[in-house]
Amino acid sequence: MSTTIRTKFLLYTIGLLLFILAGFFVATIYIDKAQFAKTLSEEASSIAVTFASSLTNDLYRFDLHRLRRQVENAKINSDIEKAYVVDSRGRLLTAGDKLDTRFNQPFNTEFVGKLLKMQSRTPVLQIDDVLRVGQTVRLADGSVLGYVVIVFSLDRPLRNFKDRTISIGLIGLGFLAFGGLCALAFAWRVTRPVLALVDMAMRVGKGDLSARAKVSGDDEIALLGRTLNTMTESVSIKIEQLEEAHANVKRTQHEAERASSAKSEFLANMSHELRTPLNVIIGYSEVISMTMFGPQALSKYVEYAQLVNQSGIHLLGIIDDLLDLSKVEAGKMDFDEDEIDVMELLADCVNVMQQRAELGGVSLEIRAGGPLPALKCDARRMKQVLLNLVSNAIKFTREGGQVLMWAQADPKRGLEINVEDTGIGIAQEKIQQVLQPFEQIESVMSRQHHGTGLGLPIAKALVVAQGGSLTVESTLDVGTTFTIRMPQDHLAKISA
């Protein structure tokens with residue numbers, strides 16, 4: 001669901017308020033925390049310095065009784081959990097509790113070790129779950145008599161800090177609620193005319209050019225509404241004019257492009273195929289008619305007559321291809337449907353193309369993937385399709401390669417006839433191109449052969465016209481597979 005401008009305005013305002021309040025809250029807590037730590041450290045340090053100063057004489061005289069009593073008096077403070085005095089070598093003198101049983105024994109806590117190492121003149125502090133403050137007890141000449149360690153509880157200070165934090169948060173929430181109410185009222189007042197313009201614009205965007213904005217007042221939003229109304233009316237008129245002009249231009253352009261494309265494709269693809277055999281016919285017939293080698297060169301004239309005949313047959317084939325393609329595309333091709341044996345059809349194709357395959361050094365085989373049903377189709381046209389595919393496969397397969405024709409039947413997919421070769425292959429981006437009329441794929445191999453580019457398009461058109469489909473799969477330098485698929489309703493009984 002889309003969010004309205006009013007909601008966005010409200011969300012942005014509340015977001016800004018939240019950001020400001022969050023910044024204020026974090027800054028306040030940070031400053032308060034820093035002040036809290038500073039105050040706590042200063043108070044604890046002051047207590048430690050005072051306490052250490054009061055113990056100087058007793059520690060100098062080694063009056064353990066007075067030392068113990070002072071430690072016990074110090075622990076009367078509710079914030080002090082522990083207090084103990086160690087001598088200059090880190091041995092416990094008194095702790096005012098059961099730790100006194102360790103009197104004159106090394107008191108090697110980590111913090112005491114830190115005091116012995118630093119021998120600082122100022123208090124040494126350590127804060128974790130409690131606050132530890134250590135102070136060196138010295139004589140006036142600076143010699144160390146011992147150390148005082150006081151452990152402060154943080155429960156009361158932290159409770160006070162938490163109470164202040166909650167108070168600040170509640171005040172911030174109050175400001176946020178007040179700011180949200182103000183933002184809601186302001187958003188309603190500002191966005192109401194804007195939403196009216198948006199509604200009008202959406203109607204225009206959906207094609208309702210009769211939509212107009214209701215405006216009142218003289219502010220910027222009212223001026224925008226009047227401008228939109230004028231613009232919409234102008235656009236409505238312009239669109240009608242442009243649509244009419246565009247339809248005329250597109251129709252004229254399409255007709256011109258179609259005529260130009262048809263002329264260019266026909267001239268470019270057919271000129272060579274037509275001129276070459278015509279030149280042969282004219283040239284050799286001229287030699288024959290003028291008896292240029294004398295009346296006795298009969299064998300030579302017979303040879304030239306054969307070339308003229310072959311060129312005429314080639315021209316007739318080109319014309320037949322053009323007529324076949326035009327008939328199929330126009331839906332005027334007649335088909336004589338009959339039930340044919342698929343393996344016999346493949347064998348006939350092999351017999352026709354075997355010599356051409358041997359001349360190219362290519363092996364030609366047929367194979368069946370199990371029993372095959374009889375196929376209902378025009379036998380002559382299906383043979384024409386297969387001969388086109390096999391001829392194409394042999395032409396583009398190098399010496400030593402293989403062309404395989406194989407068929408298989410599937411209860412769901414119908415009948416498949418595949419023509420598979422190990423030839424030069426076709427690039428993926430050009431696979432569809434080979435099935436278009438007059439198209440040829442440029443390569444070293446294809447430039448060695450001539451052709452109109454009509455064979456494969458005719459094959460596809462003939463298969464489609466009989467209810468089937470022709471597809472191609474290919475990989476460069478691996479080979480190509482053409483697959484004819486005929487549906488189940490074109491199949492008869494299974495042949496033995």
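Helix α9 lies across β7, β9, β10, β11 and β12, and runs at about 170° to β12. Angles here run from 0 to 180 degrees between N-to-C directions, with axes fitted to C-alpha atoms, for helices over the stretch in contact. Helices (H or I, at least four residues) and strands (E, at least two) are DSSP runs, numbered from the N terminus. Welcome to a predicted model, in which local features need pLDDT of at least 70 and side-chain atom pairs count only at pLDDT 80 or more, while totals for chains, interfaces and linings use all residues. Residues are numbered from 1 along each chain as its sequence is written, and side-chain values use heavy atoms, leaving out hydrogens and water.

**The sheet**

- The open sheet has five strands in the order β7-β9-β10-β12-β11, with mixed pairing; two strands pair if DSSP finds at least two bridges between them.
- Its edge strands are β7 (363-368) and β11, each pairing on one side only.
- On average, neighbouring strands of this sheet are turned by 15° against each other, direction ignored.
- Seven bridges join β10 and β12 in the antiparallel sense.
- Asn418 has Thr483, in β12, as its bridge partner.
- Helix α8 also packs on the sheet, where it touches β7, β9 and β10; its direction makes about 175° with that of β7.

**Helix α9**

- This helix covers residues 379-395, 17 residues in total, and reaches 24 Å from its first C-alpha to its last.
- That is close to the 24 Å expected at 1.5 Å a residue, where the expected span is 1.5 Å times one less than the number of residues.
- Asp378 caps the N-terminal end of α9, with a side-chain oxygen 3.1 Å from the backbone nitrogen of Arg380.
- Buried residues of α9 include Met382, Leu386 and Leu389; buried means under 20% relative accessible area, exposed over 50%, and partly exposed in between (1.4 Å probe, protein chains only).

**The nonpolar cores**

- A nonpolar core is a set of buried Ala, Val, Leu, Ile, Met, Phe, Trp, Tyr and Cys residues joined through side-chain atoms within 4.5 Å.
- The largest has 43 residues, of which Leu375, Leu386, Leu389 and Ile484 touch the most other members.
- Another core, of 26 residues, lies apart from it and has Val71, Leu131, Val148 and Phe152 among its members.

**Tyr60**

- Tyr60 is found in helix α2 (residues 56-61) and counts as exposed because its relative accessibility is 55%.
- Not counting residues up to four places away in sequence, Tyr60 touches Leu139 and Leu145; contact means heavy atoms within 4.5 Å.

Technical notes
A polar contact is a pair of N or O atoms within 3.5 Å; within protein, one must be able to donate a hydrogen and the other to accept it, and residues adjacent in sequence count only if both atoms are side-chain atoms.
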